[in-house]
Structures are given as structure tokens and as C-alpha cells.
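Visitor: I am new to this structure. Please take me on a close look at one part of it, the nonpolar core, and connect it to its surroundings.

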Amino acid sequence: MESGAKEEGKVLGYNSKKVKKVAILSTLAALLDDPILADVPKKPSLSDVDILINLELGSAMCISIFKLDGTSFDVAVMNSATVKDLKLAIKKKVLELEQSKMGHRHISWRHVWANFCLARHNGKLLDDDAALHDFGVRNNYQVHFLPYVVSKGSGRHSKRRKHRFFHGLSKLS
């Protein structure tokens with residue numbers, strides 16, 4: 001009789017955990033549908049929630065990003081953020097927007113950052129380790145994409161040499 005009671009308790013415990021999880025998920029869905037929380041992503045991570053709380057407290061900033069096609073979107077980063085942090089926030093936001101519109105789609109960010117850069121008042125944000133406030137980027141400021149090609153003199157993005165594996169074989173015959 002005791003073993004039957006234990007098995008019944010396990011079943012009730014399992015069901016109660018399942019019921020609690022469903023209740024939490026439905027509460028979360030109801031909260032995310034609230035217009036006050038419209039800026040919270042549908043599947044928020046801890047860092048998303050942390051940045052949004054810091055945005056409300058004033059220790060984070062919201063930056064508008066303007067794309068070349070004229071559309072824009074907002075990203076939130078900490079006040080002490082670097083250009084690299086901004087690029088990561090842009091990547092995350094764009095992937096989230098693309099997922100909601102078209103489903104899974106691959107974007108080559110290496111190609112994006114090799115051919116375009118971020119700019120504010122024609123001052124290019126090229127140094128990934130520089131803080132955004134060094135470029136004058138503050139809360140509610142606008143940053144836009146510019147076409148950008150790295151010069152050969154900088155040593156970066158040099159053209160890859162072609163390795164001719166079969167080049168020497170034609171001389172042997």
C-alpha cells in the first residue's frame with residue numbers, strides 16, 4: 001500500500017511540476033503581451049532583461065541604428081559599452097528581426113563588417129575596443145551604416161594568395 005502511495009505521489013508531483021511550468025509560461029506570455037513591456041523580446045535572455053532594467057535606471061543607453069535602405073531599429077547597450085558591444089547588440093537585434101520576419105536566414109557578419117562600418121556624424125567607429133562615449137555616442141543618438149573598404153596599406157583584409165597545387169606537375173611531363 002505504501003509503494004502505491006509513493007507512486008501516486010510521484011505522479012501528482014510530476015503533474016504539479018508540469019502544471020506550475022504551464023502556469024509560469026502562460027503568465028510570462030501574458031506579461032510579454034502587455035504594451036508596457038513591448039520592448040522585451042519574445043524569448044528574453046538574462047542579459048536582455050538586465051540591459052532593459054539598466055536602461056530604465058539610466059545606466060544604459062538606447063541607440064537608433066539606420067541601415068542603408070533607410071530603415072532603422074533601436075538597440076540598448078550599457079553606458080560603458082565599446083564599439084564591439086554595439087556590433088554584438090546589432091547582430092543580435094538583426095537576427096531577432098530576421099527570425100520573426102522570414103525564419104532562419106544566414107547573414108555573413110564577417111562580410112558585413114568588412115564592407116560597411118558604423119558612423120556618427122561622418123566619424124567612423126572603426127576601433128572595436130574604443131568606448132562609444134569617446135565617439136560622442138550618448139543615449140537616444142543615431143548611428144548609421146556607411147560603405148567602407150579597408151585600404152591595403154593597413155595590412156588587414158589583404159588579398160589571399162592562390163596556392164597552385166598542380167602548377168608544378170605540368171613541368172614534370
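Guide: What follows is a walk through the core, starting with the chain as a whole. Keep in mind that this is a predicted model.

The protein chain has five helices and five strands. Along the sequence they follow the pattern α-α-β-β-α-α-β-β-β-α. Of the 173 residues in the chain, 23% are buried. Take the contacts in the chain with a separation of 6 or more: 49% of them come from residues 24 or more positions apart. The accessible surface is about 13300 Å², and carbon and sulfur atoms account for 58% of it.

Next, the sheet. Five strands form an open sheet in the order S2-S1-S5-S3-S4, and the pairing is mixed. On average, neighbouring strands are turned by 40 degrees against each other, direction ignored. S1 and S2 run antiparallel and are joined by seven bridges. Within this pairing, Met61 stands opposite Val77 in S2. Helix H3 lies across S1, S2, S3, S4 and S5. Its direction makes an angle of about 135 degrees with S2.

Now the core itself. The largest nonpolar core holds 20 residues. Those touching the most other members are Ile63, Ile65, Val75, Val77, Leu86, Ile90 and Leu132. Several elements supply at least two residues each: strand S1 (60–66), strand S2 (72–78), helix H3 (83–102), helix H4 (109–115) and strand S5 (142–147). H3 gives the most, with five residues.

Look at Ile65. Leave out residues up to four places away in sequence, and Ile65 touches Thr71, Ser72, Phe73, Val75, Leu86, Ile90, Val143 and Phe145. There is also a second, separate core of five residues. Leu52, Leu55, Ala60 and Ala76 are among them.

Is Leu132 buried or exposed? Its relative accessible area is 0%, so Leu132 is buried. Neighbours within four places in sequence aside, Leu132 is in contact with Met61, Ile63, Val77, Ala81, Thr82, Val83, Leu86, Leu125 and Val137. Met61 and Val77 are the residues that stand opposite each other across S1 and S2. Ser80 gives a distance to hold on to. Leu132 and Ser80 are 52 residues apart in sequence, yet their C-alpha atoms are 7.4 Å apart in space.

Last stop: the aromatic rings. The whole structure contains two aromatic pairs. In one of them, the ring centres of Trp113 and Phe145 are 5.8 Å apart and the planes meet at 20 degrees, so the pair is stacked. Trp113 belongs to helix H4 and Phe145 to strand S5, so this pair ties together parts 32 residues apart in sequence.

Methods:
Residues numbered from 1 in each chain as written. Predicted model: local features only at pLDDT ≥ 70, side-chain atom pairs only at ≥ 80, totals over all residues. Heavy atoms only, no water. Core = buried A, V, L, I, M, F, W, Y, C linked by side-chain atoms within 4.5 Å. Buried < 20%, exposed > 50% of the residue type's maximum accessible area, 1.4 Å probe, protein only. Helix = DSSP H or I, 4+ residues; strand = E, 2+ residues; numbered from the N terminus. Contact = heavy atoms within 4.5 Å. Areas by Shrake-Rupley, 256 points an atom, 1.4 Å probe, with all protein chains shown as cover. Pairing = 2+ DSSP bridges. Axes fitted to C-alpha atoms, helices over the stretch in contact; angles between N-to-C directions. Phe/Tyr/Trp six-rings, centres within 6.5 Å; stacked < 30°, edge-to-face > 60°.
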